[in-house]
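Here are my notebook entries from an afternoon with this structure.

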Amino acid sequence: MAAIIDVQHVNKAFGGLKVINDCSIQVEQGSITGLIGPNGAGKSTLFNIIAGSLPLDSGQVLLDGEDITNRPANELFHKGLLRTFQIAHEFSHMTALENLMMVPPAQAGETLFNAWLKPSLVSRQEDEVRRRALEVIDFIGLHHVRNELAGNLSGGQKKLLELGRTMMTDARVVLLDEIAAGVNRTLLGDLVTNIERLNREMGYTFLVIEHDMDMIARLCDPVIVLAQGSVMVEGSIEEIQNNPQVIEAYFGAAS
Amino acid sequence: MNELVFFINNVVIAGSVSGSIYAIGAVGVTLIFSIMRFAHFAHGDMMTFGAFMVLLLTTAFPGAGAAFGVPSALILLPLAMALTALLAVGIDKAFYKPLRAHGVKPIVLVIGSLGVTLMLQGLIRLFAGTSGQSLYVDDRKEIFRLALPFEGARAPVVITEPQLYLFVITLVAVIGLHLFLNRSRLGKAMRAMSDNPDLAQASGINTNTIVAVTWVIAGGLAAIAGTLLSLDVTFKPDLSFFLLLPIFAAAIVGGVGHPYGAVAGGFVVGFAETLAVFNWSVMLRPFRDSLPEWLTQSGNLAFVGTEYKIVVPFFILVVILVWRPTGIFKGKVI
């Protein structure tokens, strides 16, 4: 299988602090790849670099063979690369449902011409978007709060809304940044099922940052361990869990 | 009846005139704030710049309006709006964008905009001189005197041509802005960006385009406000600069970042100003017999003297900030 995301020799420093150090990772098409590592390993920074939110110092990022180094996030969205945020982002002054309806690009109602002269087209398309948004909101279990302003939702609900956004469009790759943090256990199970279903049925590729090892174990293969800004090990979850280097990185050197 | 005419002339019309100018100015300030999160102090001078462009263009093309039966300044206003929009985008590229790229705090942008204020004012002074000039270069200002169809109404309601245009254009601008924000892709993107810029970008919205569009709208509106104000009185290099305080008061009263609030705020401040300096003794004249003597004897019953007009927006500002810090419409997001 081909790598849909190919990060080659990326370096990034904040002031004197070298956060990403000659890091190269590949995400296979159709996989759910996990990205783990101790705090400060550079996971989120690497995510921001791939997602176009942060310029890199040197190196290259390829999306399906196309150079996307330092391309802005909005361009990547249209190329099918979506992300969620570690601290959940939402349009706080729109309802949860409107947040989802906001996502699909190029809606007919967005031009004055159509809005006035083709009201039937606009309302038909809007109905379709609304139906899809309602399906998604059922899917992520937020049906009961669909008409609440997104800013009033709880942290966990906002996280779910983030996942919902990625389901509103035909994504190729979705970067999930700690989607499980703050989501309760029962919901977590649904979340994992949903991610698997999206992966299997819709062909989404996922790159997942996660601290929850159960979730990583259930979901991800392969898993990449990042430490001090570069890849330490890569392999299946069993290989990772039994790797002495990883154990040392997480728990410190056995004294 | 004459008292009513006096009231219409001095409060209804005068208040609507300043209200409209403040409203158009405040909408620009509020849009810039909601997208870029800083108070743009150079807005008054962008207004002056727009009026200055109209002055240049009418001098260059005298008689342009005669063919259509409207003042030349009005025919050339769209061109001046385009030039001011261009200036606004240019200023952003040259001064604000580099600052934003460094991720500075909003206060640095505010100080930067003060620098732009001084620069623009200096430039306009350099080319236009410091004296007042009429924007009616080649034609004459029409003044309409409408006699009221009531018995005993001797004085007419007086309204000038630029005032009429001001009301019409304000209405069109506000409706246009409403449609733009609610019924267009860019407007929707603007609303999204004012809510959460990072998420907007991650949802495929090109934030650079939105910033440019914001400047184009703010610049165009500034040109309208500056030109119509200068048509009503005269063009002066510092005319709009002195409107900065009431305009910011209007934006804050309406809730910063809220365009409809800015419109409402503009009229609140405009009417508050005119009502505060209005001489109420005239209105009391018909009731002279039934009122106590001390109230009717005074010839001037204004709340504040005309020369202290500028304290009114200040006062409103303080009251609003204490009573409702987020403005009457709860601003921050379009």
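**Entry 1: terms and ground rules.** I count two strands as paired if DSSP finds at least two bridges between them. Helices (H or I, at least four residues) and strands (E, at least two) are DSSP runs, numbered from the N terminus. Residues are numbered from 1 along each chain as its sequence is written, while chains are lettered from A and ligands numbered from 1 in the order in which they are written. This is a predicted model, in which local features need pLDDT of at least 70, side-chain atom pairs count only at pLDDT 80 or more, and totals for chains, interfaces and linings use all residues.

**Entry 2: strands β1, β4 and β5 of chain A.** I looked up β1(A) (residues 3–14) and β4(A) (residues 58–63), and found them antiparallel and joined by 5 bridges. I traced one pair: A:Val7 has A:Val61 of β4(A) as its bridge partner. Next I followed β4(A) to β5(A) (residues 66–67), where 2 bridges pair the strands in the antiparallel sense. A:Leu62 is bridged to A:Asp67 of β5(A).

**Entry 3: the open sheet of chain A.** In what order do the 6 strands of the open sheet in chain A run? I read the order as β6-β7-β8-β3-β9-β10, with mixed pairing. At the edges stand β6(A) (81–83) and β10(A) (230–235), each with a single partner strand, so one side of each has no neighbour in the sheet. From one strand to the next, the twist averages 20 degrees. For angles and axes, I use lines fitted to C-alpha atoms, for helices over the stretch in contact, and angles run from 0 to 180 degrees between N-to-C directions.

I then checked β6(A) with β7(A) (residues 173–177): they pair in the parallel sense over 3 bridges. A:Arg83 has A:Leu175 of β7(A) as its bridge partner. Helix α1(A) (residues 43–50) lies across β3, β6, β7, β8 and β9 of chain A, and runs at about 150 degrees to β7(A).

**Entry 4: α1 and α10 of chain B.** I moved to chain B, where α1(B) (residues 2–36) and α10(B) (residues 244–254) pack at an angle of about 70 degrees, with axes 8 Å apart. That makes the two helices, α1(B) and α10(B), roughly perpendicular (the word covers 65 to 115 degrees; under 35 is roughly parallel, over 145 roughly antiparallel, and the rest oblique). I sorted the contact of α1(B) with α10(B) into 9 nonpolar, 3 polar and no charged residues. In this sorting Ala, Val, Leu, Ile, Met, Phe, Trp, Tyr, Cys and Pro count as nonpolar, Asp, Glu, Lys and Arg as charged, and the others, Gly among them, as polar.

**Entry 5: α11 and α14 of chain B.** The axes of α11(B) (residues 259–277) and α14(B) (residues 311–323) come within 9 Å and cross at roughly 125 degrees. These helices, α11(B) and α14(B), are therefore oblique to each other.

**Entry 6: where the chains meet.** Last, I noted that 18 residues of chain A are in contact with 18 residues of chain B. On the side of chain A that touches chain B, α2(A) gives the most, with 4 residues.

Key. Two residues are in contact if their C-beta atoms, placed from the backbone, lie within 7 Å.
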